[in-house]
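User: I'm new to this one. Can you put it on screen and walk me through the bonds between side chains?

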Amino acid sequence: MNKLSNSLKALKPKSTPKLFVIDWDETITNEDTIKLVAQAAYNKKQEYEPKFDHFTDIYLKAFNEYNQDFTSKYGERDTIEKEIKFQTGMQNVEMKSINEIKRLRLFEGIEEDEFRAQANHVTLKPHFTDFLGKCQELKIPVIILSVNWTKLIMEAVLQKNGFKENENIKIMVNELEFVNGISTGNFNESISIRTGLDKLNIVNSLIKQYGKTCYIGDSMTDLLSLIDSDIGVAIEEGSVIESIKKLNFPIKNLSEAEELHKEEVYVGNWSQVINLLNKH
């Protein structure tokens, strides 16, 4: 975690990232897609009870209790150290609803293709596919890193837009357990990306592997990775922006940045990220 508190020199203007790590929901997509994962189950099991509100209520109750307890002990999350401490405890919060989903077998019996079909309901932010095409042209690896529950919808969305996983496009996400293409109702335990701290640990490993890394995200699970990466870009209108301000971390519009500093987070859109690549 030392890099979170260490200052580095400005990145050279013509220094291109060696890797892009990108959140999925509401960073690449216009709307959250976890609800589409759940909807695949309810489409098939229309009489299934309880409805999805049951699981979201469990999460919200656990989160509110944890947040209130944390605030009473440590005050507002207005430092990076407090945010790290907070994220450390979020694993238990996230697993409350996940364990209930497993217990009640929400996804049991759902076929892989029934998840993939939900890709028809996903819309992408403007110019993301242009960005991805540019990265393929420049042979810059892109890793999609998400706390979502399966990559099946993501794969289908990419395929609809002319892309697929290859040596320069990877997806890292939680995954359901499948036997012969049918979900058992459990989650694959070989990977767990549930919290912002999980993301940060993966990003730091990727930085060691690839070198200079640009992280792009929009929400609280992206906060630590945005701050700790060599270049952090918060998608405009993302909820994480207010949290960055609360930490008094410098923010600058990407279109106004002449040099890219580790000590700043940039706010921008996919068109501006493409311009960054064209310049550098």
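User: How far is the sulfur of Cys 214 from the closest cysteine sulfur?

Analyst: The gap is 9.1 Å, to Cys 135, so the two are too far apart for a bond. A disulfide needs a pair of cysteine sulfur atoms within 2.5 Å. By that rule the count is 0 disulfides. One caution: this is a predicted model, where local features need pLDDT of at least 70, side-chain atom pairs count only at pLDDT 80 or more, and totals for chains, interfaces and linings use all residues. Residues are numbered from 1 along each chain as its sequence is written, and side-chain values use heavy atoms, with hydrogens and water left out.

User: Is Cys 214 buried or exposed?

Analyst: Buried, at 0% relative accessible area. Buried means under 20%, exposed over 50%, partly exposed in between (1.4 Å probe, protein chains only). Cys 135 is buried too, also at 0%.

User: New topic. How many salt bridges?

Analyst: There are 21. Each puts a side-chain nitrogen of Lys or Arg within 4 Å of a carboxyl oxygen of Asp or Glu.

User: What does Lys 151 pair with?

Analyst: Glu 165, with the closest N and O atoms 2.8 Å apart. Lys 151 is partly exposed at 24%, and Glu 165 is partly exposed at 28%.

User: And which residue meets Glu 264?

Analyst: Lys 252, at 3.8 Å, N to O. Glu 264 is buried at 15%, while Lys 252 is partly exposed at 30%.

User: Which residues are linked in a network?

Analyst: Asp 23, Lys 199 and Asp 222 are linked by salt bridges.
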